[in-house]
Amino acid sequence: MLRKTVERISENFIAEAVASPNLLADMAAMEKYMAESYSGRIFVELLQNADDCKSTNICVKEIDGNILFANNGRPFDEKDVIAISRSGSSSKKRGETIGYRGVGFKSTTYLTDEIIIYSDKTYFTFSKRICSERISMPINSIPMIRIPLLIENIDTKIEHEVYQLEQNGYNTVFVFKNAKIKEFLEEIKQVDIGMFIFLNNIEQCNIAMAQYSTQISLKRYCHGDGQIVEFTDIKNNAWYIVKHNGTALGLKYDIENKRIIACDESEQLYHSYLPSFDKMLFPFKVNADFSTDPSRKHISIDEKNRKRY
């Protein structure tokens with residue numbers, strides 16, 4: 001049961017923190033750096049994690065200044081709690097899943113000082129304030145995402161919203177308390193279909209913020225030696241995906257005339273599963289397990305990438 005798992009992990013991590021306060025302070029500094037480096041990519045990190053846990057549907061909502069991100073993928077287990085708590089301890093293998101560093105979720109600390117997670121009938125939180133009170137250490141010396149803590153008293157509106165999401169098939173809900181709505185809203189407005197083309201599982205994305213809402217729907221099906229990714233709510237917008245030795249080409253596809261066409265210049269990007277900011281010289285997309293800078297925004301120039309180029 002997840003509740004007992006969180007309780008055990010919490011006790012172990014509290015003991016570690018009390019025994020090594022300087023290490024904990026170093027982790028707090030690293031977390032701050034990660035949040036700043038990943039700014040503007042928080043939705044992308046949540047999206048990739050949802051896809052990795054085999055979600056087909058995701059939902060983003062805003063309730064009284066809180067942001068809720070829900071997915072219908074595999075619920076949290078012990079490995080997930082440990083991976084989200086420990087930097088770089090993720091069991092994901094590079095090339096097999098989108099996220100592999102085990103640190104991307106820490107970018108969400110840019111949004112808030114407290115995150116509540118609901119999964120497998122259990123509520124637990126990452127909170128600098130609560131953690132500071134629990135271990136009697138200065139709040140600035142504590143990383144937010146380190147010690148998971150069980151919680152019992154949930155705001156009634158949040159609890160009701162989580163219940164409704166669960167009734168609609170969502171298994172895991174992240175609640176970002178008193179979030180920086182304005183900053184997240186600017187990021188959400190930049191969400192486009194390019195973020196979904198090379199994912200493996202997600203077929204539906206519903207965003208319902210107070211000042212902005214949108215929906216992205218797609219389906220994937222085999223076609224010849226490749227796969228068609230069709231965005232069903234955007235007329236005649238589809239991509240033909242061809243994979244070879246871990247590299248995939250994304251070619252714009254004209255559904256009505258059943259032919260490949262050149263994509264717009266703004267679409268011809270390098271992807272490391274999710275789009276980078278780096279443009280291709282040719283009118284298609286390339287996706288591979290490219291090394292990137294910490295922000296995941298740019299492809300790094302290293303020996304591994306030179307071979308892929």
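**A covered strand and its setting**

Tutor: In this predicted model, strand S4 is covered on both of its faces. Thr122, Phe124 and Phe126 lie buried on one side, and Tyr123, Thr125 and Ser127 lie buried on the other. The strand spans residues 122–127, and six of its six residues are buried.

Strand S3, residues 114–119, runs antiparallel to S4 and is joined to it by six bridges. Within this pairing, Ile117 has Phe124 of S4 as its bridge partner. S3 and S4 together form a hairpin in which two residues lie between the strands. Asp120, in the turn, has a positive phi of about 50°. Strand S5, residues 149–150, also pairs with S4 in the antiparallel sense, here over two bridges. In that pairing, Thr125 has Leu149 of S5 as its bridge partner.

In soluble globular proteins, nonpolar side chains tend to be buried together. The largest nonpolar core here has 62 residues, and those touching the most other members are Phe43, Leu47, Phe69, Phe176, Phe184, Phe196 and Phe231. Phe184 is in contact with Ile42, Phe43, Val60, Ile67, Leu111 and Met209, when its neighbours within four places in sequence are left aside. Another core, of 15 residues, lies apart from the largest one; Ile116, Ile151, Ile154 and Val173 are among its members.

The cysteines may be considered next. A disulfide is a covalent bond between the sulfur atoms of two cysteines. A search of the whole structure finds zero disulfides. Cys205 is in none, and the nearest cysteine sulfur, that of Cys59, is 8.4 Å away, whereas a disulfide requires the two sulfur atoms to be within 2.5 Å. Cys205 has a relative accessible area of 1% and is therefore buried, the cut-off being under 20%. By the same cut-off, Cys263 is buried because its relative accessible area is 7%.

Two packed helices are described by the angle between their axes and the distance between the axes. Helix H1, residues 2–19, packs against helix H4, residues 78–85, at an angle of about 35°, and their axes are 10 Å apart. The crossing of H1 and H4 is right-handed. H1 contributes Leu2, Thr5, Val6, Arg8, Ile9 and Phe13 to the contact, and H4 contributes Glu78, Val81, Ile82 and Ser85.

Technical notes
Residues numbered from 1 in each chain as written. Predicted model: local features only at pLDDT ≥ 70, side-chain atom pairs only at ≥ 80, totals over all residues. Heavy atoms only, no water. Core = buried A, V, L, I, M, F, W, Y, C linked by side-chain atoms within 4.5 Å. Buried < 20%, exposed > 50% of the residue type's maximum accessible area, 1.4 Å probe, protein only. Contact = heavy atoms within 4.5 Å. Helix = DSSP H or I, 4+ residues; strand = E, 2+ residues; numbered from the N terminus. Pairing = 2+ DSSP bridges. Axes fitted to C-alpha atoms, helices over the stretch in contact; angles between N-to-C directions. Left-handed = near helix turned anticlockwise from the far one by under 90°.
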